[in-house]
Amino acid sequence: MPELPEVETTRRGVEPQVAGRRIHALQVYDRRLRWPVPGDLQLHLVGRSIDRVDRRSKYLLFRLGSDTLLVHLGMTGSLRVFHTLPPRRAHDHVDLTMEGGVTLRYNDPRRFGAILWLPGGEPEHALLASLGPEPFDPAFDAAYFWRETRRRTAAIKLALMDNHLVVGVGNIYANEALFRAGIRPTTPSHRLTRPRFARLVDAVRAVLTEAIAKGGSTLRDYVDATGEPGYFQLDYFVYGREDAPCRVCGTPIRHRRLGGRASFWCPACQR
Ligand SMILES: [Zn+2]
């Protein structure tokens with residue numbers, strides 16, 4: 001599943017190809033994504049220029065004046081840039097062609113992604129309105145996270161993955177950040193002290209920064225490439241390493257499901 005680093009890498013790959021360019025054509029081959037691609041999308045887009053591409057959580061936001069084209073990659077979506085368009089393959093659902101010939105092609109085998117039109121001047125769309133701060137936003141700091149969790153008895157890993165508190169910390173990154181912060185994923189949130197939240201915020205930013213940096217080295221895969229974009233394999237300390245020795249102390253890594261998601265920790269390094 002594309003996580004924040006993959007979405008940010010897509011944004012960085014796509015934006016220079018489309019920003020400042022006018023949209024020449026929109027081809028929708030299959031509207032059946034998580035929600036139907038709007039039938040009148042072409043009327044909104046053709047002839048307009050894309051100013052820039054923003055990211056909020058895992059949503060890509062193509063800005064056209066005060067209007068926004070929202071793209072979400074869902075479970076299996078990808079957005080690629082082509083200067084010479086190859087023949088359509090299975091699961092290529094939408095082509096957005098810019099003047100000058102660059103085409104953005106949306107592919108999504110499982111079709112859990114979304115392409116929506118958000119007109120300017122309307123209240124913020126429900127998908128975006130309830131989102132917490134970005135992990136790199138200064139508003140997401142130890143004081144904020146500590147304050148927001150004083151009444152939360154649920155495990156800290158669940159708080160870390162709650163989009164109302166902070167966006168974009170997926171399962172892999174939550175596991176790795178908790179390891180680096182020395183915090184056991186099952187620890188009740190309200191028991192953690194502020195200094196431990198400070199370590200956790202730093203660890204979240206560090207793992208995401210590393211993953212985005214890895215993504216930077218794959219940027220060219222987003223342009224004129226026909227293979228699938230790769231996911232960024234960090235050298236995980238705990239994720240997927242059940243029973244393997246901890247890379248720091250050698251203790252076997254423990255595993256258990258928490259809120260339905262696979263959780264891994266070192267019983268010696270994380271308290
Ligand atoms: Zn350890």
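## Terms and model

A residue is called buried under 20% relative accessible area, exposed over 50%, and partly exposed in between (1.4 Å probe, protein chains only). By this scale, aspartate 243 counts as exposed, because its relative accessibility is 60%.

The structure is a predicted model, in which local features need pLDDT of at least 70, side-chain atom pairs count only at pLDDT 80 or more, and totals for chains, interfaces and linings use all residues. Residues are numbered from 1 along each chain as its sequence is written, and side-chain values use heavy atoms, with hydrogens and water left out.

Strands (DSSP runs of E, at least two residues) and helices (H or I, at least four) are numbered from the N terminus. An open sheet is formed by four strands, arranged in the order 1-6-7-5 with antiparallel pairing; two strands pair if DSSP finds at least two bridges between them. Strand 1 (23-28) and strand 5 (78-82) stand at the edges of the sheet, and each has a single partner strand, so one side of each is left without a neighbour in the sheet. From one strand to the next, the twist averages 15°.

Within this sheet, five bridges join strand 6 (residues 92-98) to strand 7 (residues 103-107) in the antiparallel sense. Aspartate 92 has asparagine 107, in strand 7, as its bridge partner.

## A helix across the sheet

## The hairpin of strands 9 and 10

Strand 9 and strand 10 also pair in the antiparallel sense, over five bridges. These two strands form a hairpin with two residues between them, and glycine 259 in the turn has a positive phi of about 55°. Leucine 258 stands opposite arginine 261, a residue of strand 10. Strand 10 (residues 261-265) is mostly covered, with four of its five residues buried.

## Positive phi in two loops

Most residues other than glycine have a negative phi. Histidine 91 is not a glycine, yet its phi is positive, at about 75°. Histidine 91 lies in the loop between strand 5 and strand 6, and counts as partly exposed because its relative accessibility is 37%.

Aspartate 243, likewise a residue other than glycine, has a positive phi near 70°. The loop that holds aspartate 243 runs between helix 7 (194-216) and strand 9 (254-258).

Notes:
Axes fitted to C-alpha atoms, helices over the stretch in contact; angles between N-to-C directions.
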